[in-house]
Amino acid sequence: MRLATFLLLVLTASCNFDFEKQSVPAAPELFADRDEEPELDVSTDEDSSVPDGDAVVPDEDLDTDLEADAEEEADTPAETEIDEDVQDLEEELEPPTCANVGCPVDCCETQLGPVCVDTNNDEAHCGACFSPCDDGALCMDGDCCQPRSCQSEGWVCGGLEDGCGQSLDCGSCAAPLECAARGNQGLCEAPWTLPDNTPYCLTYSGQGASCPNEPDDEYFGQDGSYVFPMSTFSTSDGIVLDGLTGLHWEQVPSPTLRTYASAESYCANLSLGGISGWRIPSLLELFTIIDHGSTRSTHMDLVFEGSAGRYWSSSAMRGLGSTFYVMTDLGGTAYAESTAMVRCVHNELPSLQLISHPGWVEDLSWGLGWVTQSVGEETWKEALQECEELILDGHHDWRLPSIDELMAIMTFSPSQSPFPSAVFELASELTLWSSTPDIPGRTGVRAVVVNNGDTNFVSQHSQLHFICVRSAR
């Protein structure tokens, strides 16, 4: 660097040489007459002559001046500034490290160089460099947090805290279901349950109004052995409100016998208490106001007025076109009727919402769990006992279903079995036991035909198939 500076100074000095010391003739004097050849002056001045063979002597004063200028230049601040610039350049070219990048929080050394991170919130470097969280986990204050989701928790409604500081909206329920109506968070449930019946039980002889209440008792497990809420009714403006199911009923139906089409039109045009939109009830809805243990002729609460007889339902009979079931005086079913009375209903019961489990399915609408395969053939007493002793998927609380519970799992159609074929493995020719005995004074038991959902009264000593149920919630 010093040699380069010196040469630069020498070149500069050469350019500044004093040309005034050189005698250069003026241009006009050299070529005054272009037609004449200039005469060369070969005369010599004795003082300026140079003997032959002698070399030109350098100007010693000029050399001294140049050396002095070079030494002076070397002592100036320019060289110091150049040295500092070189040092700065060398520092800029130095490879970056965590020690010199100046990360605001944390720094991790990688093969590609340092990377600025925040180990409190970085999922790839949570708590320390190269300490990644599992897929889907969040880094919270240096710890990995696996958030819960609506799907992972089985929630279909309501608000869920994910455990990592976030609130999730899992959705809402379609009416008439409500979120956690029966206390089960995240589930759409009916704010009601199926009503129970007045307890009435059978023994081997068929005579027994008292019910077995202990698991070791003979015939334990029939409808009357379990106590569930019964419907509560109130009236207003000709309407009966069922506080358990939420259904509104026509308190005093017309005694007129009508065809199905006429009954449908009658309900559609009915207005009670300023409420319109009435309709023909389903078979299940009619069953909810029947007390199978009652000794009254209509087997309904006294709040319901009207004549004894047969009433239309909107549940279609499989295989018979547009034929619909009717409810009989005894709470049974009949079909192929041309005319019947009608008791109109308002509001609706929930439709099935099924979740599969190993060997069984859960209905969220009514909070019931169902074994998907039938067992049989057994007597009624044997069926009661086998359901009580069943252990499936870790559950010990299975029992034989009531007639109302069997009705709740069925969906009536003129073209297929009311038992969902995608859920139950049931042969269409089977008849299934219920846990509900026939009315007091009779010795039969209610049973359901798989093919079409028709209900029959069968001797308890018959051999039938059955499926078991549990209160899943």
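Q: What percentage of the 473 residues in the protein chain is buried?
A: This is a predicted model. Buried means under 20% relative accessible area. Among the 473 residues of the chain, the buried share is 39%.

Q: How many helices and strands does the protein chain have?
A: The count covers the secondary structure of the protein chain. It comes to 10 helices and 24 strands.

Q: Which strands stand at the edges of the open sheet of 4 strands?
A: The strand order is E9-E10-E11-E15, with antiparallel pairing. An edge strand here has a single partner strand, so one side of it is left without a neighbour in the sheet. That describes E9 (233–236) and E15 (345–346).

Q: In E10, what is the bridge partner of Ser234?
A: Strands of a sheet pair through backbone hydrogen bonds. E9 and E10 (residues 239–242) run antiparallel and are joined by 4 bridges. For Ser234, the bridge partner in E10 is Leu241.

Q: Which element gives the most residues to the lining of the largest pocket?
A: The largest pocket holds about 410 Å³ of space. Its lining has 17 residues, and those closest to the centre include Ser282, Leu284 and Met410. Helix H8 (283–288), strand E12 (311–316) and helix H10 (403–408) each give two or more residues to this lining. With 3 residues, the element that gives the most is H8.

Q: How many residues in the lining of the largest pocket are nonpolar?
A: Sort the lining by class. There are 3 charged and 5 polar residues. The nonpolar residues number 9.

Key
Residues are numbered from 1 along each chain as its sequence is written. This is a predicted model: local features need pLDDT of at least 70, side-chain atom pairs count only at pLDDT 80 or more; totals for chains, interfaces and linings use all residues. Side-chain values use heavy atoms; hydrogens and water are left out. Buried means under 20% relative accessible area, exposed over 50%, partly exposed in between (1.4 Å probe, protein chains only). Two strands pair if DSSP finds at least two bridges between them. On a 1 Å grid over the protein atoms alone, a cavity is a set of points where a 1.4 Å probe fits but cannot get out, and a pocket is an open set with protein on both sides within 12 Å along at least five of seven lines; lining residues have an atom within 4 Å of a point. Grid points are joined across faces, edges and corners, and a volume is the space filled by probe spheres set on the points. Ala, Val, Leu, Ile, Met, Phe, Trp, Tyr, Cys and Pro count as nonpolar, Asp, Glu, Lys and Arg as charged, and the others, Gly among them, as polar.
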